[in-house]
Amino acid sequence: MQQLTVLVVDDDKITTAILTRMLERYADHVLVASNGEHGLTLFKEYRPEIVLSDINMPKMGGLEMVEQIRKIDEHVKIAIFTNFENRDILLEAIKLGVNQFFSKPFEAKVFEQVMQPLCDDALEKKRIRAELKRQQNILHAINEMAHSFLQQSDWKTALYQELCLLKQASETAAVFLYQNDKKCESAKQILAITDAERVRGKKRIHYKKHHLMRWKRALERGELVNGCMRDYDRAKQRMLQAFQIDSLLILPIFVHDRWWGFLGIGNSNRQAMTSTDVEMLSTVSSIIGSAINNKQNLQSLEMSSAVFEHTMDGVLITNAENRIVHVNDSFEAITGYKESEVIGKDPKLLKSGQHDKHFYAQMWEHIHSNGYWQGEITNRKKDGEIYIEWLSVNVIRNEKGEIEHYIGIFSDVTHQRKDAQEQAYLATHDPLTGLSNRLLLNDRLDHAINHAGRFGKCMAVIFCDLDNFKPINDTYGHSVGDEILKGVAEALKDILRKEDTICRFGGDEFVILVEELKSFEYLEGILQKIQQISKTTFVVENHTLQVGMSIGAAIYPNDGDTPQELMQRADDAMYRAKRNGKNMIAYYQHDPVIYCTNTYVI
């Protein structure tokens, strides 16, 4: 079961029961609230990763609840139930940060298409946060280790405590240290810390006797060993089994340029450690070697420089006055600022202007109270581009408890936020023209028929097909054809009302849904305006082009009372217009009546 908590907010008990059942495959915990006020209370208490909510509810509506939730958590995934009829509600929902939209009743296939990306995004966000937190903890442990070793006259005094902290921070199963004899023929165990209390591995390793000569030769050359159980022969597997681990990273330790021994770090999963883990943990062996060398003049930040310079995350280090003293290459790649441009300056030069003073005051209060802060922040690159970063700030103190440095580690997560916002839009719109797609058309048509049936209204479905569009694509290329389609889409938007639905049905076909149809004269006027598009001149890549348009219309309830009937009959009418000379209008009706010039009736 995926480790997700989902909050369902709806005053309809049948809906919440259906959703609870449908969510069984997506979440291990489903919370249910009957209104927005109750939902907000549950959100504050349990902090679910996903919220599914209706809009209209007693006490507090869905959008009001979403607004309050966004003040608490900007990253939680939120989907609302809507009939897509009210464009203003959809725009308000998107503005408040709603990620996805559902329509009732919940069809299993559509529910899966909407729900699975939400779950994937939520799980990925949890994974990224956990991994960033773990890396931050490792860096913090490394820096604490550097300070502690340098402050002790005997490095062994701090060894156990610091390696315990490292093991905990890196979430590994075992950490052990071996020191070579004078001839480097064998190594004795200095320390071993494992999850299994009674397991401490071999007290002494003889490289030749235990068939570890290949490892020895690699370590002598300053190379590391990184692999898992399946990568090794039986002799090496026995060493892993002695520590009850499935994967192992061995890092050589050098003292005065001589191979002193090695640091081993093991995991209980059958995967070699990642390159990021290797880069960070490699610094530990350097720190231990430096501690043994007793190089008191080295600072902990210098010992960690390998991590900063090679990690994919941006890193900046400031002094106690919050002036930048060091940045890594990834900082330059992400922000566009070179090191020479930022050294000695306050990191506020990256401010985007999108956060108020209260935001920064809270951030610094948390840093000084807890020694760290992490969260999402919007900054500005050198070229002015706004980007979103996930930032972790750590405080480094000296032995007196005074602040010496701040370390900021960040990654650019702009595309993740944009993807989430775009998914809600792309799920219901054509990416080329920005018009509604078939999914949204079908939903609106179904609701429009239900509404018209309840209130005795008329409505129309209009099917439009561009005449001779294929020769344009064949002669001038698809890029020109795409511009024509976008031009036609804009012309249709200018003609129709905001509440009317315009859909790019596919290729060069457009379908229009006109609700609240008061008279045939009104419909006839719309059709004539649409036909005028054929007289529009489009200038694309220095080509002056025109397209004709065959138009068919079906009317509810005269020509059909289901979505399938109305769509088919509007399509039939359009083909009759095309067969009768193209660039014409045709109505579908059982009793033939000609409504206007160049109008044909099936």
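Strand S14 gives the most to the lining of the largest pocket, with six residues. This is a predicted model, where local features need pLDDT of at least 70, side-chain atom pairs count only at pLDDT 80 or more, and totals for chains, interfaces and linings use all residues. Residues are numbered from 1 along each chain as its sequence is written, and side-chain values use heavy atoms, with hydrogens and water left out.

Back to that pocket: about 1,000 Å³ of space lies in it. A pocket here is an open set of points on a 1 Å grid over the protein atoms alone, where a 1.4 Å probe fits, with protein on both sides within 12 Å along at least five of seven lines; lining residues have an atom within 4 Å of a point. The volume is the space filled by probe spheres set on the points. Of the 36 lining residues, Ile72, Asp73, Glu74, His75 and Glu376 are the closest to the centre. At least two lining residues come from each of helix H3 (62–72), helix H5 (108–151), helix H14 (357–370), strand S14 (372–380), strand S15 (386–397) and helix H15 (414–426). Helices (H or I, at least four residues) and strands (E, at least two) are DSSP runs, numbered from the N terminus. Sorted by class, the lining holds twelve nonpolar, ten polar and 14 charged residues; Ala, Val, Leu, Ile, Met, Phe, Trp, Tyr, Cys and Pro count as nonpolar, Asp, Glu, Lys and Arg as charged, and the others, Gly among them, as polar.

Next comes a sheet. Five strands make it up, open and parallel, in the order S2-S1-S3-S4-S5, where pairing takes at least two DSSP bridges between two strands. Its edges are S2 (29–33) and S5 (100–102), each pairing on one side only. From one strand to the next, the twist averages 20°. S4 (residues 77–81) and S5 pair in the parallel sense over three bridges, and Phe81 stands opposite Phe102 in S5.

Most residues other than glycine have a negative phi, and most peptide bonds are trans. Glu171, not a glycine, has a positive phi of about 55°, and is found in the loop between helix H6 (155–170) and strand S6 (174–180). A cis peptide bond, with omega about 5°, joins Tyr556 and Pro557. Pro557 lies in the loop between strand S22 (548–556) and helix H20 (563–579).

How values were computed. Axes fitted to C-alpha atoms, helices over the stretch in contact; angles between N-to-C directions.
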